[in-house]
Each structure stands twice: as C-alpha cells, then as structure tokens.
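I opened this model to look up ring contacts, charges over rings and disulfides. My entries follow in the order in which I wanted to build the picture.

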Amino acid sequence: QVQLVESGGGLVQAGDSLRLSCAASGRAFSTYAMGWFRQAPGEDREFVATISWDNMTYYTDSVLGRFTISRDNAKSRVYLQMNSLKPEDTAIYYCAAAWVVTTTSNYDYWGQGTQVTVSS
C-alpha cells in the first residue's frame, strides 16, 4: 500500500514557475514508476509526465521543454518542476504510482491532488 500527498500548487501568473512535490509513504518507493496527471475543469484527466524506477522520463507533448519530473528515492518524493506556465496548464495535478511505467492512467495509487491556477 502506498499513500501519496501532493503539495506546492497555487495561483501564479503566466510565465511563472512552480514546483510540485509528492510525498509517498509505504515500502518500496524506489521500485515504483511515478507519474503526474492533471484534470482541468470539464476535461478528462490527462497524462503529464512519468519517471521510471531507473529515471527514464516521458512527457506529454504540451509540456515538453517546460516541465521536468524528478525523484528522490531517499526522501520518497517525486517532483514536477513547471516553468513558463500558461493559462492552459490550469488544473488539479495528481501524483500516482505504478508497478510498471506507463503514459496511460493505469496507475495503482493516486494522491488527492493539488490545484494549479495560472492567470493570464
């Protein structure tokens, strides 16, 4: 069992940066693939980024070059550094854990989400 708690969301202006953090509790964090997803109002939840246990990373095209996912296994945390934020990045951001790295929503554990709002 893994519990995930996101933090770091907030209200920023277009062009600003934010760093989201996800704290994981439970065993074997280093063996999980960790992902970030987001859901905008009225939209389906979508994949943002993921990092495998051995630090392979994948991103959705819309954030490539602006967002960076990373992990600290010693602290059982995964991060999402978001630069050059745009109003269309506004969403609730969710952290998730999976046994196998994937860009689909087929993750085993999910956090409660943190709100990111980008004003124009």
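I began with burial: Tyr 32 is buried, and Tyr 109 is buried too (buried is under 20% relative accessible area, exposed over 50%, partly exposed in between, with a 1.4 Å probe and protein chains only). I note that this is a predicted model, where local features need pLDDT of at least 70, side-chain atom pairs count only at pLDDT 80 or more, and totals for chains, interfaces and linings use all residues. Residues are numbered from 1 along each chain as its sequence is written, and side-chain values use heavy atoms, with hydrogens and water left out.

I then looked up ring pairs and found six aromatic pairs (Phe, Tyr and Trp rings, the six-membered one for Trp, with centres within 6.5 Å; planes under 30 degrees apart are stacked, over 60 edge-to-face, the rest tilted). Tyr 32 and Tyr 109 make an edge-to-face pair, at 6.1 Å centre to centre and 80 degrees between the planes. I also noted one aromatic cluster formed by Phe 37, Phe 47, Tyr 107 and Trp 110.

Next I checked charges over rings (NZ of Lys or CZ of Arg within 6 Å of the ring centre and within 35 degrees of the ring normal). The charged end of Arg 45 lies over the Trp 110 ring, 3.8 Å from its centre. For Arg 19, the charged end sits over the ring of Tyr 79, 4.2 Å from the centre.

Last, I searched the whole structure for disulfides (cysteine sulfur atoms within 2.5 Å) and found one. Cys 22 and Cys 95 form it, with sulfur atoms 2.1 Å apart. The S-S torsion is about -80 degrees, so this disulfide is left-handed. Both cysteines, Cys 22 and Cys 95, are buried.
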